[in-house]
Amino acid sequence: MDIIDNYLDTMFASYPLTPRTVEAKSELRAMMEDIYNGAIAAGQSRNEAVGQALAEFGNMEEVAAVLGDPSGAPIEIAAQFDRNRPAVSMAQARNFAAVSEKTRWLLAWAVAIFVLAPAPLVSLSIATSDPNLPVSKALASTIGIVILLPLVAIGVGLLVWRNQKLEPFNLITQGQGHITPEVEVFGAAVRREHSNSRTMALIIAIVLWILAGIPLISMGVFTQDMPQPEADQYLAVGMAITLVMVAIGLLAFLPANWANSVANRLSEEGMAEAREDTSDWEMGAYPTWVRAFMAGYWPIMVTIYLTWSFIGDAWGTSWILWPIAGVAFAAISAILYAVYRNRDTQQGR
Amino acid sequence: MISTEAMRGYIDILILSQLVDAPSYAYAMGKTISEVAGGGYAMKQTTLYSALKRLEGAGHVEAFASQSESGKPRTYYQITPSGREMLAAKSAEWQQTKEVVDRFVEGIS
């Protein structure tokens, strides 16, 4: 019931404390409490029950007449609203929370898969430094890449799938709406209801992430006196276990974080953040050749890497392509961003 | 869903008619309105509360403290003789309104 009390406090914030306002607040609180209890008795979750009580609240301007406030509307609350943006309705907020909860595993698996995807490539590359192994380094790397690419594709697919499910909530995800106090209070209620499970998941994840260093470090210590090719076998296993632990940590934490993300989004600060993010990633601001370059950059790098490595049998040195390509991409993106965003802003003035 | 605006003149009928046989309290009245309307209309809490206070101010209902079925202290409202008169007048007005509007609606359907 804290959420309902906070909500009423917000609604009555701009009214002077008089016997009439105290009575109105306590009567409305009793009505909301009854609606909440009625919804719980009807089998709804606490989350949904609070949502229903807030959705059925109505409009403070009606109560203002009863309170005898000559100014009518609660000016201070109304002034916070950005009237130029459509309000996010309670129904939209509730659906957004429901879809975010449903799709929480898609995000978690996508990120975990991205972490796990390079594990076979890295581990096989390290392990095959032993020339006595029947598997050649080239074959091992090929197997690694053959596993890596489909995994990345699956991860991207999961993210695209999730984005599609969240597509109807562009008003919220792209920060195009404004958040009313009731929606913000609802977001806070969702966060509070799931805060215990989130904290637990965060603790498990942090423990796993700290412990994730142990396999690699202990393998390093354990293989100190071994000849390098033999030691590499163990290091490869250690590396794989480390990545698996990091991925498990992500799988523990990310699905438990949805309520927090929903609450962050359902606030005016969250909306402003979303607007910034969206404009940062708004590719429409760039000319076609830039967009084509951005889209094709990494596939081209993979092609160069594979061609160079296979034809030149340069598996030992071709890895240098990745850090260089990474730094180059960041530099090129920064320059393009500076040039086109600047131009865009000037045109907008 | 019928808009609050369309229902505005008849909110008093929805409330007072429920008090003819026995006193009631806000949540129970709101719930009955939703059930009877069958999803066609739901009265917001602020609408219901402000209407009850207005009716009380005009002497059409009287408020008194009692306990709801769940044992919680709630403000109950009972209809007064002037409330019954008002309900009768409003009901008659509604019948007339309905007949007049129907004559126009029938013409277009």
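Colleague: What makes Asp12(B) and Arg54(B) a salt bridge?

Modeller: First, a caution: this is a predicted model. In Asp12(B) and Arg54(B), the closest N and O atoms are 3.1 Å apart. The cut-off is within 4 Å, for a side-chain nitrogen of Lys or Arg and a carboxyl oxygen of Asp or Glu. So the pair counts as a salt bridge.

Colleague: Which parts of chain B does the pair tie together?

Modeller: Asp12(B) lies in helix H2, residues 11-16, and Arg54(B) lies in helix H4 of chain B. The parts tied together are therefore 42 residues apart in sequence.

Colleague: Why is Asp12(B) called buried?

Modeller: Its relative accessibility is 7%. Buried means under 20%. Asp12(B) therefore counts as buried.

Colleague: And what is Arg54(B), buried or exposed, or something in between?

Modeller: Arg54(B) has a relative accessible area of 45%. Exposed needs over 50%, and buried needs under 20%. So Arg54(B) is partly exposed.

Colleague: Stay with chain B. Why is Gly38(B) called exposed?

Modeller: Gly38(B) has 63% relative accessibility. The cut-off is over 50%, so the label is exposed. Gly38(B) is found in the loop between H3 and H4 of chain B. Gly38(B) and Met1(B) are 37 residues apart in sequence, but 9.8 Å apart in space, C-alpha to C-alpha.

Colleague: What is the order of elements in chain B?

Modeller: From the N terminus, they run α-α-β-α-α-β-β-α. That comes to five helices and three strands. Of the 109 residues in chain B, 38% are buried.

Colleague: Now the interface. How do you know that chain B touches chain A?

Modeller: Contact means heavy atoms within 4.5 Å. By that rule, 16 residues of chain B are in contact with 21 residues of chain A. The two chains bury about 1700 Å² between them, with 52% of it on carbon and sulfur atoms. In chain B, Gln45(B), Thr46(B) and Tyr49(B) lose the most area to chain A, together 43% of what that side buries.

Colleague: How many residue pairs are in polar contact across the interface of chain B and chain A?

Modeller: The rule finds 12 residue pairs, both residues at pLDDT 80 or more. Helix H3 (26-37), helix H4 (45-57) and strand E3 (73-79) of chain B each supply at least two residues of the side that touches chain A. H4(B) gives the most, with seven residues. That side of chain B divides into six nonpolar, five polar and five charged residues.

Colleague: What makes Lys72(B) and Glu33(A) a salt bridge?

Modeller: Their closest N and O atoms are 2.7 Å apart. The limit is 4 Å, so the pair qualifies. The count between chain B and chain A is four salt bridges. Over all chains it is nine.

Colleague: Last one. Why is Arg162(A) called buried?

Modeller: Arg162(A) has 18% relative accessibility. Under 20% is buried, so Arg162(A) counts as buried. Its place is in helix H9 of chain A, residues 137-166. Arg162(A) touches Thr103(A), Leu106(A) and Leu107(A), not counting residues up to four places away in sequence.

Key
Residues are numbered from 1 along each chain as its sequence is written. Chains are lettered from A and ligands numbered from 1 in the order in which they are written. This is a predicted model: local features need pLDDT of at least 70, side-chain atom pairs count only at pLDDT 80 or more; totals for chains, interfaces and linings use all residues. Side-chain values use heavy atoms; hydrogens and water are left out. Buried area is the accessible area (1.4 Å probe) that two parts lose on being put together, summed over both. A polar contact is a pair of N or O atoms within 3.5 Å; within protein, one must be able to donate a hydrogen and the other to accept it, and residues adjacent in sequence count only if both atoms are side-chain atoms. Helices (H or I, at least four residues) and strands (E, at least two) are DSSP runs, numbered from the N terminus. Ala, Val, Leu, Ile, Met, Phe, Trp, Tyr, Cys and Pro count as nonpolar, Asp, Glu, Lys and Arg as charged, and the others, Gly among them, as polar. Buried means under 20% relative accessible area, exposed over 50%, partly exposed in between (1.4 Å probe, protein chains only).
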